[in-house]
Amino acid sequence: GRLCTLELEWVDGRTALDHCVSGDPDAAGLRKIAAQLGSNVALIADAGFVHRDMKLSNIIIEAKADGPRAWVIDTIGIRRCASKSTAIFRMVERLLVELEAHRNHLEAAWLPLLRAALKPMSKSIRQAVLVQLRAHQWA
């Protein structure tokens, strides 16, 4: 197949992991960031890709006047994926592993993330992702 590379501009900020575990993050702000991550997951899957290393340390939180913005970095982990449900499952599962590891800081984040990731998808894709997550005891 054809080889392509993705390049990103420099984004000034800190990783989502650093942002979330430093101090006591604002729960409303954390939910907004989680919803942005979920939307990013949905966009990546909808474009026919999966980020195989989707984790909080591969997300940069940029401070903006209208609130923080989440950027997915480490494009090395992005691969084609024909199945939207598989792509969403793999990315959400990888994020949930890290959220679980930092549960005391990030408990408010996983549900908005999952909702935002699944919202634009068809009912059959949502159901397929939830079946996979339940099989792995996440949902």
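This report covers the sheet, the nonpolar core and the ring contacts of a predicted model.

## The sheet

Three strands form an open sheet in the order β1-β3-β4, with antiparallel pairing. The edges are β1 (14-15) and β4, each of which pairs on one side only. Helix α2 packs on this sheet and touches β3 and β4. The direction of α2 makes about 35° with that of β4.

The pairing of β3 with β4 is antiparallel and runs over 4 bridges. Within it, Ile60 stands opposite Trp71 of β4.

## The nonpolar core

The largest nonpolar core holds 36 residues. Val41, Met54, Ile59, Ile88, Met91 and Val92 touch the most other members. Two or more residues come from each of α1 (16-21), α2 (27-46), β3 (59-62), β4 (69-72), α3 (84-101), α5 (110-118) and α6 (123-135).

Ile88 is one of those core residues. Beyond its neighbours within four places in sequence, Ile88 contacts Val41, Ala45, Glu93, Ala117, Leu118, Met121, Ile125 and Val129.

## Helix α5

Which residues of α5 are buried? They are Pro112, Leu113, Leu114, Ala116, Ala117 and Leu118. The buried residues of this helix pack against α2, α3 and α6. Two of the buried residues, Ala117 and Leu118, are also contacts of Ile88.

## Rings and charge

How many aromatic pairs does a search of the whole structure find? The count is 0. A charge does sit over a ring: the charged end of Arg80 lies over Phe49, 4.9 Å from the ring centre.

Definitions and conventions:
Residues are numbered from 1 along each chain as its sequence is written. This is a predicted model: local features need pLDDT of at least 70, side-chain atom pairs count only at pLDDT 80 or more; totals for chains, interfaces and linings use all residues. Side-chain values use heavy atoms; hydrogens and water are left out. A nonpolar core is a set of buried Ala, Val, Leu, Ile, Met, Phe, Trp, Tyr and Cys residues joined through side-chain atoms within 4.5 Å. Buried means under 20% relative accessible area, exposed over 50%, partly exposed in between (1.4 Å probe, protein chains only). Contact means heavy atoms within 4.5 Å. Rings of Phe, Tyr and Trp (its six-membered ring) pair if their centres lie within 6.5 Å; planes under 30 degrees apart count as stacked, over 60 as edge-to-face and the rest as tilted. A charge sits over a ring if NZ of Lys or CZ of Arg is within 6 Å of the ring centre and within 35 degrees of the ring normal. Two strands pair if DSSP finds at least two bridges between them. Axes are lines fitted to C-alpha atoms, for helices over the stretch in contact, and angles run from 0 to 180 degrees between N-to-C directions.
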